[in-house]
Amino acid sequence: MQVEFACPVCEHVCRLDVSSQGDGKAATDRLECPACDWGRDLPAERTDRPTDCLVCGCDDLWRQKDFPHAIGLMLVAVGAVLSTIAWAYHEPVWALGILLAFAAIDLLLFTFVSDVLVCYRCGARYRGVASESDPVYDHELGERYRQEAIRLSEKSPTPPS
Ligand SMILES: [Zn+2]
Ligand SMILES: [Zn+2]
């Protein structure tokens with residue numbers, strides 16, 4: 001399993017492999033930021049699929065396609081533009097064909113791209129562990145964590161430098 005997270009202290013983006021090795025011994029027993037001295041011990045007893053976020057301990061994780069949202073939007077936009085051009089040249093078959101082709105590409109990507117688990121609180125991403133039974137994004141829960149983050153940042157304002 002690969003973890004990708006922003007360090008809670010310095011916000012350095014870290015990518016670590018924390019998969020357990022064949023003999024049941026973990027490859028690493030600690031998450032550490034390479035850029036500062038932040039670190040957090042991993043639970044000794046853990047399965048391949050984390051029940052709690054290994055970075056912040058939050059137990060709400062959701063499943064997301066490991067696919068940059070921006071690329072999906074870009075595909076739709078390019079398809080729409082090309083289709084409009086074809087339409088302008090009085091080629092309705094091409095216009096429709098282009099739209100369908102881009103929709104198909106989108107669908108294929110969506111089918112073949114694997115899932116990641118994402119932490120509601122800190123946004124850490126876990127690759128190679130998500131399964132169909134994991135919940136997808138819950139807006140109510142997401143909103144609760146967003147509010148919590150706002151409250152926390154109000155309580156401890158960053159000192160002026
Ligand atoms: Zn750090
Ligand atoms: Zn987290």
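**Figure 1. Glu-11 in the loop between strand E1 and strand E2.** In this predicted model, Glu-11 sits in the loop that links strand E1 (2-6) to strand E2 (13-17). Have a look at its backbone: phi of Glu-11 is near 65°, a positive value in a residue that is not glycine. Most residues other than glycine have a negative phi. Is Glu-11 buried or exposed? Glu-11 has 12 other C-beta atoms within 10 Å, and it is therefore exposed, since the cut-off for that class is 12 or fewer.

**Figure 2. His-90 in the loop between helix H1 and helix H2.** Here we move on to the loop that joins helix H1 (69-88) to helix H2 (92-112), where His-90 is found.

**Figure 3. The protein chain and the order of its elements.** In which order do the elements run from the N terminus on? The order is β-β-β-β-β-α-α-β-β-α.

Figure 4. The protein chain has 161 residues, and buried residues make up 12% of them. Among the contacts with a separation of 6 or more, 57% are between residues 24 or more positions apart.

Conventions. Residues numbered from 1 in each chain as written. Chains lettered and ligands numbered in written order. Predicted model: local features only at pLDDT ≥ 70, side-chain atom pairs only at ≥ 80, totals over all residues. Helix = DSSP H or I, 4+ residues; strand = E, 2+ residues; numbered from the N terminus. Buried ≥ 20, exposed ≤ 12 C-beta atoms within 10 Å, placed from the backbone. Contact = placed C-beta atoms within 7 Å.
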